[in-house]
Amino acid sequence: EGAQGTMLDVNHGTYPFVTSSSPSSGGISTGLGLPLTKVNRIVGIFKAYTTRVGKGPFPTELFDNDGEKLQDLGNEYGATTGRPRRCGWFDAVLVRQSVATNGMHGIALTKLDVLDGLEEIKICVGYRLDGEEIDYLPASQGRQARVEPIYETLEGWKETTVGARSWNDLPAQAVKYVRHVEELIGAPVALLSTSPERDDTILVHDPFED
């Protein structure tokens, strides 16, 4: 699992706010016992916005109506505990870092429909740390806590994307958003989901095709 999965990795995550395992692609070997020489494609899973469970650095976290909307429409509550997930704008810095760490060949972008109806949508394209612009998440806990997001603002869309199963079913601004995400993270969107239903998925290209 993409950005926050990697950020919870016991080796590569935002220590000490990590889990006890390796949810990054390196865990394929340590967790499954499958040699990495047998893996020829890695696809990351990311939401069209960013969430995090528990404590830890979250530069794009929202504390306003937009954050509440993402939480409610995205049903961002723990399936077992009901604990609400922290929500924020898409963090292209974290995603790009995750793509590089995991060696991803493409991504599956989920919950695009949750962004429906927003007048403006922001994407974090960098950080500001002590007056300096940087394009990575620092390793130290203190520096992580001080980063401030640098945003690009895109026009939202009024039309619904729920149930879209082809590019032609999407509003033009939604397509623009997805394409800009691809540019920022340096990886193609292979799959795009537009509702909780399994069939409401746009297969942009087959990520496992040779």
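In the predicted model, the buried residues (those under 20% relative accessible area, with exposed meaning over 50% and partly exposed in between, for a 1.4 Å probe and protein chains only) of helix H4, which covers residues 92-102, are Ala-92, Val-93, Leu-94, Val-95, Ser-98, Val-99 and Asn-102. Helices (H or I, at least four residues) and strands (E, at least two) are DSSP runs numbered from the N terminus. An α-helix has 3.6 residues a turn, so residues three or four places apart point the same way. At the start of H4, a side-chain oxygen of Asp-91 comes to within 3.1 Å of the backbone nitrogen of Val-93, and after the helix follows Gly-103, with a positive phi near 65°.

This is a predicted model, in which local features need pLDDT of at least 70 and side-chain atom pairs count only at pLDDT 80 or more, whereas totals for chains, interfaces and linings use all residues. Residues are numbered from 1 along each chain as its sequence is written, and side-chain values use heavy atoms, with hydrogens and water left out.

The secondary structure of the protein chain amounts to six helices and ten strands. For 210 residues, a compact globule would have a radius of gyration near 17 Å, and the 17 Å of the protein chain agrees with this; the radius is taken over C-alpha atoms, and the globule rule is 2.2 Å times the number of residues to the power 0.38. The C-alpha trace spans about 45 × 40 × 35 Å along its principal axes, and buried residues make up 44% of the 210 residues. Of the contacts (heavy atoms within 4.5 Å) with a separation of 6 or more, 68% are accounted for by residues 24 or more positions apart.

The structure holds zero disulfides, a disulfide being a pair of cysteine sulfur atoms within 2.5 Å. The sulfur of Cys-87 lies 16 Å from the closest cysteine sulfur, that of Cys-124, and this is too far for a bond. Cys-87 counts as buried at 3% relative accessibility, and Cys-124 is likewise buried, with a relative accessible area of 0%.

Glu-182, which lies in helix H6 (residues 172-185), is buried, with a relative accessible area of 15%. When its neighbours within four places in sequence are left aside, Glu-182 is in contact with Ala-187, Pro-188 and Val-189.

Note on methods
A polar contact is a pair of N or O atoms within 3.5 Å; within protein, one must be able to donate a hydrogen and the other to accept it, and residues adjacent in sequence count only if both atoms are side-chain atoms.
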